[in-house]
Amino acid sequence: MRVMGVDPGLTRCGVGVVEGTPGRRLHLVHVSVVRTAPGDDIAQRLLGIETGIEALVDELRPDAVAVERVFAQHNVRTVMGTAQAAGIALLIAARRGLPVALHTPSEAKAAVTGNGRADKAQVTRMVTRLLSLEVAPKPADAADALALAICHVWRGGAQQRLASAQRSRIEEAARAERDRLAARSRGGSSE
């Protein structure tokens, strides 16, 4: 499974792509940061983030996208910008029909370090070790994006199987209801 992790932000939006399956060695596919200038108009900044992520999705062709769930911060401007950048990533994935998952920072930290309260240095160290990298990904936004992707490979596979099973049950129930209505319209009642 190839997963793109996105650590949303208006100034620095981390993007990391890993490939692997639960219980197997993970491989780095790509890591970068999409940057926008703080002084630019918000619409232009969001367009820059969209253009950057869109190009990476088209080039790297992930099977799923994992985005950091935005949580309330004391600085409303920061949380708004982060939420807007997260929305861009979600929209890009949805346009392409890619499964999307939201993971909290604590989930990603726990997945890679075993501690949901790990600091950025611990996350970066473990991401570097898990992906067998010679050099740590920088800045922290890049390492966080990789942590999200790793988290999704390890945890998201089970979540996707459950969601798929639920979709199958829903589709089967819808099919049964259509058959029941079709039989009813032909004059035979199946009630």
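## Exercises on a helix pair and a recorded site

Helices H1 and H2 are oblique to each other, and the model in which they are seen is a predicted one.

**Exercise 1.** Find at what angle H1 and H2 pack, and explain why they count as oblique to each other.

*Solution.* Two packed helices are described by the angle between their axes and by the distance between those axes. Begin with the two stretches of chain: H1 covers residues 42–60 and H2 covers residues 76–95. Their packing angle is about 40 degrees, and their axes lie 10 Å apart. Angles under 35 degrees would count as roughly parallel, and those from 65 to 115 as roughly perpendicular.

**Exercise 2.** Determine which residues of H1 meet which residues of H2, and how they divide into nonpolar, polar and charged.

*Solution.* On the H1 side, the residues in contact are Ile42, Leu46, Ile49, Glu50, Ile53, Glu54 and Val57. On the H2 side, they meet Gln84, Ala85, Ile88, Ala89, Ile92 and Arg95. Sorting the residues of this contact gives 9 nonpolar, 1 polar and 3 charged.

**Exercise 3.** Identify the residues that UniProt lists for "binding site", and explain why they can be said to gather at one spot.

*Solution.* The unreviewed UniProt entry lists Asp7 and Asp141 under that name. They span 135 residues in sequence, yet no two of their C-alpha atoms are more than 6.1 Å apart, so they gather at one spot. Next, place each of them in the fold: Asp7 is found in strand S1, residues 2–7, while Asp141 lies in helix H5, residues 140–185.

**Exercise 4.** Decide whether Asp7 and Asp141 are buried or exposed, and list what each of them touches once neighbours up to four places away in sequence are set aside.

*Solution.* The cut-off for buried is under 20% relative accessible area. Asp7 has 5% and is therefore buried, and Asp141, at 12%, also counts as buried. Turning to contacts, Asp7 touches Arg12, Cys13, Gly14, Glu68, Asp141, Asp144, Ala145 and Leu148. Asp141, for its part, is in contact with Asp7, Arg12 and Gly14.

**Exercise 5.** State how many helices and strands the chain has, and in what order they run.

*Solution.* The chain has 5 helices and 5 strands, and from the N terminus on they run β-β-β-α-β-α-β-α-α-α.

How values were computed
Residues numbered from 1 in each chain as written. Predicted model: local features only at pLDDT ≥ 70, side-chain atom pairs only at ≥ 80, totals over all residues. Heavy atoms only, no water. Axes fitted to C-alpha atoms, helices over the stretch in contact; angles between N-to-C directions. Helix = DSSP H or I, 4+ residues; strand = E, 2+ residues; numbered from the N terminus. Parallel < 35°, antiparallel > 145°, perpendicular 65-115°, else oblique. Contact = heavy atoms within 4.5 Å. Nonpolar A, V, L, I, M, F, W, Y, C, P; charged D, E, K, R; others polar. UniProt positions renumbered as here; feature names shortened; annotations may be inferred. Buried < 20%, exposed > 50% of the residue type's maximum accessible area, 1.4 Å probe, protein only.
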